[in-house]
Amino acid sequence: MTKIMVVATGNPGKLREIQGYLANSGWELTLKPPELEVAETGTTFAANAGLKASQIAQATGQWAIGDDSGLEVDALNGVPGVYSARYGQSDSQRIARLLQELGNSENRQAQFVCAVAIARPDGKIVLESTGVCRGEILHTPRGEGGFGYDPIFYVPQLQLTFAQMSREIKGSISHRGLALKALVPQLADLEA
């Protein structure tokens, strides 16, 4: 029997990415109904992931998975953080604003963080996970792949930005990949 879980997103790309990590979990993912919107009012990634999963589960009466992620820059005291997606109108505006605020700071350390929550049909959160990928912010974008802040997020060990990495390499070290992989062993124990 196929077990269905609603992903608290309207983004088909994110659905495919999450399904890739959960491919052998026994769960089939589906997008949330487009009319359901969840306000991200939490002050942490974990709070927002929980809000999304819980509200979508209650609204649909099905298992739900929510995630929230963003970039935290050390020299900016964690900014943009939970406001990463709202830091500008477009990816290029968000990158430009971040680079301007960081200026010539020598401390370029940063991390991508992703929190994931799974809620049962009554909205109770039963699983949570957080993944973190440390890196540095470059002075200028590099690479054509990815989205968001990927062209300026550099991982020194690989000498690549997220935008320069193949999907497989990025998936193996990324914040979202780490958070989702940590949940896979526990998914089999959930009763659909």
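Author: Welcome! A definition to start: Ala, Val, Leu, Ile, Met, Phe, Trp, Tyr, Cys and Pro count as nonpolar, Asp, Glu, Lys and Arg as charged, and the others, Gly among them, as polar. The structure above is a predicted model.

Reader: Thanks! With those classes in hand, how do the residues lining the largest pocket divide?

Author: The largest pocket has a volume of about 1,200 Å³, and 45 residues line it. Nearest its centre lie Asn11, Lys14, Glu17, Phe147 and Arg176. Sorted by class, the lining divides into 13 nonpolar, 16 polar and 16 charged.

Reader: Which element gives the largest share of that lining?

Author: Several elements give two or more residues to the lining, including α2 (45-60), β3 (63-73), α3 (91-102) and α5 (175-187). The helix α4 (167-173) belongs to this group too, as does one spanning residues 12-21. The largest share, six residues, comes from α1.

Reader: Is Asp68 buried or exposed?

Author: The cut-off for buried is under 20% relative accessible area, while exposed needs over 50%. Asp68 has a relative accessibility of 5%. Because that value falls under the cut-off, Asp68 counts as buried.

Reader: And which residue is the bridge partner of Asp68 in β4?

Author: Strands β3 and β4 pair in the antiparallel sense over 10 bridges. Leaving aside neighbours within four places in sequence, the contacts of Asp68 include Glu40, Asn48, Lys52, Val113 and Cys114. The bridge partner is also among these contacts, and in β4 that partner is Ala115.

Reader: How many residues of β4 are buried?

Author: β4 covers residues 109-119 and is joined to β3 by 10 bridges. On its other pairing, 11 bridges join β4 to the antiparallel strand β5 (residues 125-137). The strand is mostly covered, and the number of buried residues, out of 11, is 10.

Reader: Within the hairpin of β4 and β5, which residue takes a positive phi?

Author: Across the two strands, Val113 stands opposite Val132, and Ala115 has Thr130 as its bridge partner. Five residues lie between the strands. The positive phi, near 95°, belongs to Gly123.

Terms used
Residues numbered from 1 in each chain as written. Predicted model: local features only at pLDDT ≥ 70, side-chain atom pairs only at ≥ 80, totals over all residues. Heavy atoms only, no water. 1 Å grid on protein atoms, 1.4 Å probe; cavity = no way out; pocket = protein on both sides within 12 Å on 5 of 7 lines; lining within 4 Å. Points joined across faces, edges and corners; volume = space filled by probe spheres on them. Helix = DSSP H or I, 4+ residues; strand = E, 2+ residues; numbered from the N terminus. Pairing = 2+ DSSP bridges. Buried < 20%, exposed > 50% of the residue type's maximum accessible area, 1.4 Å probe, protein only. Contact = heavy atoms within 4.5 Å.
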